[in-house]
Amino acid sequence: MSQKDYKQLEDFLIDDTFQKYCSGEDKNCVLYWQQYCLNHPEQAETILKAKRLYQILVGNRKSIHEQLERLKTDLQHVPIESVSIRQMSWQKWATIAAVFVAIVTAGLWYYSAPVDDIVPQPMTHIGQVYQTKKGEKKTFELIDGSTVTLNSASKLELSSDFNADLRQVRLVGEGYFQVAKNKEKPFMVQASDFDIKVLGTTFNVKSYPEEPTAEAVLVEGSIEMKSKGQRENSVVIKPNQKITIFKNQAELAVNASKGNKPSLSKLPIKEIAIENIPVVESNTTEIPDIAWKENRLEIVDQDFESLRRTLERWYDVDIQLQSEQLKNYRFTATFSKENITQVLSALQKVEPFKFELYGKKITISEK
């Protein structure tokens, strides 16, 4: 079968070059499939779902057969408008399972043993608090010598006994951590969906309450990340890997008719996905996930609904999308010194839409 005939998710998943494209481990495969996506825009949605399924399959510590069984069960309960996947034959599932068993066996590092035997406890007494407003970023030095750069609309709380026996903090939003090494005092980051334990390392954590995913990117060192909830997973990752947790209890759904007030919708799949980040000659400034630290807004195949929330935090504005169709528009771009008007004007060249500004309020409608 030629690749131009690929129609279903499994067609892509059993292709080893597509797997290497998803994992980022082969530059030639990445370039090939990026060009393939450009040449076949009609398959964009299927390819995105195949990439998501790939990440789920390789990102969970349980056996592949357990993952497939659970994934099939979960997908049966997802509304048709949320995920559209046709029934696969058991022969197809078996083929995909066989392929991914090899990937998991030879690939990422998973450990059930924690970095140390200290379990993070809920923070009941808060000491120092560091915070940023929408539209600003700040770097703070902690009393242990560690530094934290907070992205827009973020907050870092330190426990009242920080740097006594433990260095325990709680993050809401996004922060870039450069942790001072101290084997006697482990550094622990608590977020709403996971805990991170570390001795000395550099990493980025993104955990905004309104976002359907939470993420962590490791730049240097080693961290253990443990998800919270009914399906707890614990993984240890290596540098230039990214962990994404797909939330199942608080995926944000915005109802434009209610003035962009958030409402909660159920997402039965809660998984940890791990992907390798291609880095040119270990140049971490090229990692899109931490470009914000260099005041670069990196947009990589992001839908308008997700981008709306990013732009609101970045520019301290309130954006309303006037139709459901607008939310499905997708963009890839890089901005640095542009203001919000220049950004929206540039995005208009990719997808047709109109926008109107009223102070800090922006209304976007179909063209």
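Tutor: Two strands count as paired if DSSP finds at least two bridges between them. Keep in mind that this is a predicted model.

Student: With that rule, what is the order of the strands in the open sheet of 3 strands?

Tutor: The order is β17-β20-β19, and the pairing is mixed.

Student: Which strands stand at the edges?

Tutor: β17 (318-321) and β19 (353-358) do. Each has a single partner strand, so one side of each is left without a neighbour in the sheet.

Student: How are neighbouring strands turned against each other there?

Tutor: By 20° on average, with direction ignored.

Student: How many bridges join β19 to β20?

Tutor: There are 6, and the two strands run antiparallel; β20 covers residues 361-366. As one of the pairs, Phe-355 has Ile-364 in β20 as its bridge partner.

Student: And which helix packs on the sheet, touching β19 and β20?

Tutor: Helix α9 (residues 340-347), whose direction makes about 170° with that of β19. Helix α7 (residues 304-315) lies across β17, β19 and β20, and runs at about 165° to β17.

Student: Changing topic. What does β10 pair with, and in which sense?

Tutor: Strand β10 (residues 223-227) pairs with β11 in the antiparallel sense, over 4 bridges. Glu-224 has Val-236 in β11 as its bridge partner.

Student: Are the faces of β11 covered or open?

Tutor: Both are covered. In a regular strand the side chains alternate between the two faces of the sheet. In β11 (residues 234-237), Ser-234 and Val-236 are on one side, Val-235 and Ile-237 are on the other, and all are buried.

Student: Now α2. Which residues of that helix are buried?

Tutor: In α2 (residues 16-23), the buried ones are Phe-18, Gln-19, Tyr-21, Cys-22 and Ser-23. Just after the helix, Gly-24 takes a positive phi of about 75°.

Student: You mentioned Cys-22. How many disulfides are there?

Tutor: The count is 0, where a disulfide needs two cysteine sulfur atoms within 2.5 Å. For Cys-22 the nearest cysteine sulfur is that of Cys-37, 9.1 Å away. Likewise, Cys-37 is in no disulfide, and its nearest cysteine sulfur is that of Cys-22.

Student: Why does Cys-22 count as buried?

Tutor: Because its relative accessibility is 6%, and buried means under 20%.

Notes:
Residues numbered from 1 in each chain as written. Predicted model: local features only at pLDDT ≥ 70, side-chain atom pairs only at ≥ 80, totals over all residues. Heavy atoms only, no water. Buried < 20%, exposed > 50% of the residue type's maximum accessible area, 1.4 Å probe, protein only. Axes fitted to C-alpha atoms, helices over the stretch in contact; angles between N-to-C directions. Contact = heavy atoms within 4.5 Å.
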